[in-house]
Amino acid sequence: VEKFNQAGMGNIINSWIGSGEKLPISGEQISTVLGSGVIGNIATQLGIDPAQVSNQISQVLPGLINKLTPAGVAPEGGLGNASDLIGKLGGFLKS
C-alpha cells in the first residue's frame, strides 16, 4: 500500500481494499509502483518479457488484494511484505 501511495496511486489500491468500484491499473503503472528491477526479476524467473509480467500482474493484483481484504480493510499486520506478495504473484503467473 505504501508503494502505491508513494507512486501517487493510493486511490487505486484503496479501491481494491474497499468495498466499492475496483479501479483498473495498467502494466505501465505496475512497473512504476514495483520498479523495473522487481519486474525484471520476475520476468527472468518466468522466462517471459518484462512487459508481459507487468500486464499480467495488472490483471491479477486487483483480485489478489481484494481477496486478501475480504472485510474491506487491510489486516492489522498489513498485507505482508513485498517479497511475500511478489512470491504469491509469481505463483499465479506460472499457472
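Which backbone oxygen does the side chain of Ser-58 reach? The side chain of Ser-58 reaches the backbone oxygen of Asn-55, at 2.6 Å. A polar contact here is a pair of N or O atoms within 3.5 Å; within protein, one must be able to donate a hydrogen and the other to accept it, and residues adjacent in sequence count only if both atoms are side-chain atoms.

The model is a predicted one, in which local features need pLDDT of at least 70 and side-chain atom pairs count only at pLDDT 80 or more, while totals for chains, interfaces and linings use all residues. Residues are numbered from 1 along each chain as its sequence is written, and side-chain values use heavy atoms, with hydrogens and water left out. The pLDDT, the predictor's confidence in each residue from 0 to 100, averages 84 over the protein. A score of at least 70 is reached by 77% of the residues. Among the elements, H3 has the highest mean pLDDT, 95. Helix H6 (residues 82-94) has the lowest, 61.

The protein contains six helices and zero strands. Its elements run α-α-α-α-α-α from the N terminus. Helices (H or I, at least four residues) and strands (E, at least two) are DSSP runs, numbered from the N terminus. Of the 95 residues, 34% count as buried. Buried means under 20% relative accessible area, exposed over 50%, and partly exposed in between (1.4 Å probe, protein chains only). The protein exposes about 5,500 Å². Carbon and sulfur atoms supply 52% of that area. Accessible areas come from the Shrake-Rupley method with a 1.4 Å probe; for residues, only the protein chains shown count as cover. Among contacts (heavy atoms within 4.5 Å) with a separation of 6 or more, 54% join residues 24 or more positions apart.

The largest nonpolar core has 18 residues. Such a core is a set of buried Ala, Val, Leu, Ile, Met, Phe, Trp, Tyr and Cys residues joined through side-chain atoms within 4.5 Å. Phe-4, Trp-16, Ile-25, Ile-30, Ile-57 and Leu-61 touch the most other members. Helix H2 (10-17), helix H3 (27-34), H4 and H5 each supply at least two residues of this core. The largest share, five residues, comes from H5.

Trp-16 is found in helix H2. Its relative accessibility is 0%, so Trp-16 counts as buried. The side chain of Trp-16 reaches the backbone oxygen of Leu-23 at 2.7 Å. Leaving aside neighbours within four places in sequence, Trp-16 is in contact with Phe-4, Lys-22, Leu-23, Ile-25, Leu-61, Pro-62, Ile-65, Asn-66 and Thr-69. Pro-62 is 46 residues from Trp-16 in sequence and 5.7 Å away in space, C-alpha to C-alpha. For Leu-61 the separation from Trp-16 is 45 residues, and the C-alpha to C-alpha distance is 9.0 Å. Leu-61 is found in helix H5. With a relative accessible area of 5%, Leu-61 is buried.

Ser-54 has its place in helix H5 (residues 50-68). At 3% relative accessibility, Ser-54 is counted as buried. Not counting residues up to four places away in sequence, Ser-54 touches Gly-27, Ile-30, Ser-31 and Ile-39. Ser-58 lies in helix H5 as well. Ser-58 is buried, at 6% relative accessibility. Beyond its neighbours within four places in sequence, Ser-58 is in contact with Ile-25, Ser-26, Gly-27 and Ile-30.

In H3, the buried residues include Gly-27, Ile-30, Val-33 and Leu-34. They cover an arc of only 120° around the axis, which puts them on the same side of H3. The arc is that of the directions from the helix axis to the C-beta atoms. On the other side of H3, Glu-28 and Thr-32 are exposed. Gly-35 follows H3, with a positive phi near 95°.

In helix H4 (residues 36-46), the buried residues are Ile-39, Ile-42 and Ala-43. Seen down the axis of H4, they fall within an arc of 100°, so they line one face of the helix. Thr-44 and Gln-45 are exposed on the other side of H4. Gly-47 follows H4, and its phi is positive, near 70°.
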